[in-house]
Amino acid sequence: MCFCSRCHKARGDQEVYYRGNPPEKYVLPLGWARISLQVQKHKIEGLKADKDWHVAFHGTDPASVQPILDAGMLLCPGDVILGGKVLKPKPGHFDEDNKPEGFDTIQIFASPSIKYVDSRAYATSEEYVSNPFTHVILGFTE
């Protein structure tokens, strides 16, 4: 789905919505395009992901999309992907040498605002064929 200003206006979308249990605010990712993944219906229903979960965004590099798809889930620094490569934090992101005291860097970072995950510490731009995409959003379709 396209979230450019023209498409957003044509759909009559609000900028802010609430979802989850309890309902929490999230902001539509204006200026981004979403690529949704079809998740097995029984998994969504079993986890109540379509009703109880809050909306959160996770920034990643285009090169990381295939390992995410291969694993079927988001991955943490230190995870080993197919082929044996160990995932490392991106430059500028917290790591064991650059972190607040007591901070656990081995986790998945997500935010209810697209603005936070737009940081170069999370996502970079990539051009595909003749269509420029600066962001990829992974999500599920109902």
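**Exposed and buried residues in a predicted model**

At 67% relative accessibility, Arg-6 counts as exposed, because exposed is the label for anything over 50% relative accessible area, buried is under 20%, and partly exposed is in between (1.4 Å probe, protein chains only). This is a predicted model, in which local features need pLDDT of at least 70 and side-chain atom pairs count only at pLDDT 80 or more, while totals for chains, interfaces and linings use all residues. Residues are numbered from 1 along each chain as its sequence is written, and side-chain values use heavy atoms, with hydrogens and water left out.

Arg-6 sits in helix H1, which covers residues 5-11; helices (H or I, at least four residues) and strands (E, at least two) are DSSP runs, numbered from the N terminus. In sequence, Arg-6 and Gly-31 are 25 residues apart, yet in space their C-alpha atoms are 9.7 Å apart.

Now for the cysteines. Searching the whole structure turns up zero disulfides, a disulfide being a pair of cysteine sulfur atoms within 2.5 Å. Cys-7 is in no disulfide, and the nearest cysteine sulfur, which belongs to Cys-4, is 3.6 Å away. With 23% relative accessibility, Cys-7 counts as partly exposed. Cys-76, on the other hand, is buried, its relative accessible area being 19%.

Next comes a hairpin. Strand E1 (residues 16-19) pairs with strand E2 (residues 24-27) in the antiparallel sense, over four bridges; for strands to count as paired, DSSP has to find at least two bridges between them. Four residues lie between the strands of this hairpin, and Gly-20 takes a positive phi near 105°. Tyr-18 belongs to strand E1 and stands opposite Lys-25 in E2. Tyr-18 counts as exposed, at 58% relative accessibility. Together with Val-16 and Val-27, Tyr-18 makes a nonpolar surface patch of about 260 Å². Patches are built from residues with over 30% relative accessible area and no salt bridge, joining like charges within 9 Å and nonpolar side chains (Val, Leu, Ile, Met, Phe, Trp, Tyr) within 5 Å. A salt bridge here is a side-chain nitrogen of Lys or Arg within 4 Å of a carboxyl oxygen of Asp or Glu.

Finally, there is Thr-105, found in the loop between helix H3 (62-71) and helix H4 (114-117).

Methods
Areas by Shrake-Rupley, 256 points an atom, 1.4 Å probe, with all protein chains shown as cover.
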